[in-house]
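Keep the model in view as you read.

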Amino acid sequence: MPDEQMAGAGSAPVPPGPVPGTPPVPSVPPRPLDPIDRSIIRLLQADGRASIRSVAEQVHVSRANAYARINRLMDDGVIRGFTARVNHERAGQGASAYITLKIVQNSWRTVREQLRELPGAAHIALVSGDFDVLLLVHTPDNRTLRELVLTRLQAIPEVLSTRTLLVFEETDLLAPGPGPAGGPALAEE
């Protein structure tokens, strides 16, 4: 989502401009989601490969209705895409950490672009509280993680300090239950 930009004191807000690398945000105000839309979203979060037919059956609507709803959710920017959830340890990324950063005031856009380029960066968030940025990284091992923090992160001039929190174990709350994976994303069966 683009950052807000404010004009001088007493002026009206200036509309935000596009941020490179972020998907366009529809100019239409958000439409309220009904229980069927929320059910569709939950199903697709658990299994992004679920077929239209499977989704329709599970939320008790026709395939045409399910297809139209999913397309509307995508067009409205509610569903931003489909992705694979990865077991990072099995993929050779056995060390994970949340890293908190304190950054120079008003340097968020610059820092964000540099963090996007880090190998293993999985999630970046501008947050409130005792630190400014929360970064999730996955690396092959602790030595690589150490190098990333000490060599790459702390070399960014706008980064004032970091704190690394090693992840010992994690649970994916969106993981599907037992059973076979679905078919191709949004495929008709």
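Strand E1 (residues 95-103) pairs with E3 in the antiparallel sense, over seven bridges. Pairing here requires that DSSP finds at least two bridges between two strands. Across this pair, Ile99 stands opposite Leu135 in E3.

This is a predicted model, in which local features need pLDDT of at least 70 and side-chain atom pairs count only at pLDDT 80 or more, while totals for chains, interfaces and linings use all residues. Residues are numbered from 1 along each chain as its sequence is written, and side-chain values use heavy atoms, with hydrogens and water left out.

Strand E2 (residues 121-126) also pairs with E3, antiparallel, over five bridges. Leu135 turns up again: in E3, it is the bridge partner of Ile124. The hairpin of E2 and E3 has six residues between the strands. There, Gly129 takes a positive phi near 120°.

How many residues of strand E3 are buried? Six of the seven in residues 133-139 are, so E3 is largely enclosed by the rest of the structure. Buried means under 20% relative accessible area, with a 1.4 Å probe and protein chains only.

Now the whole protein. It has five helices and four strands. These are DSSP runs, numbered from the N terminus: helices are H or I of at least four residues, strands E of at least two. From the N terminus on, the order is α-α-α-β-α-β-β-α-β. Buried residues make up 26% of the 189 residues. Take contacts (heavy atoms within 4.5 Å). Among those between residues at least 6 apart in sequence, 67% join residues at least 24 apart.

Terms used:
Buried < 20%, exposed > 50% of the residue type's maximum accessible area, 1.4 Å probe, protein only.
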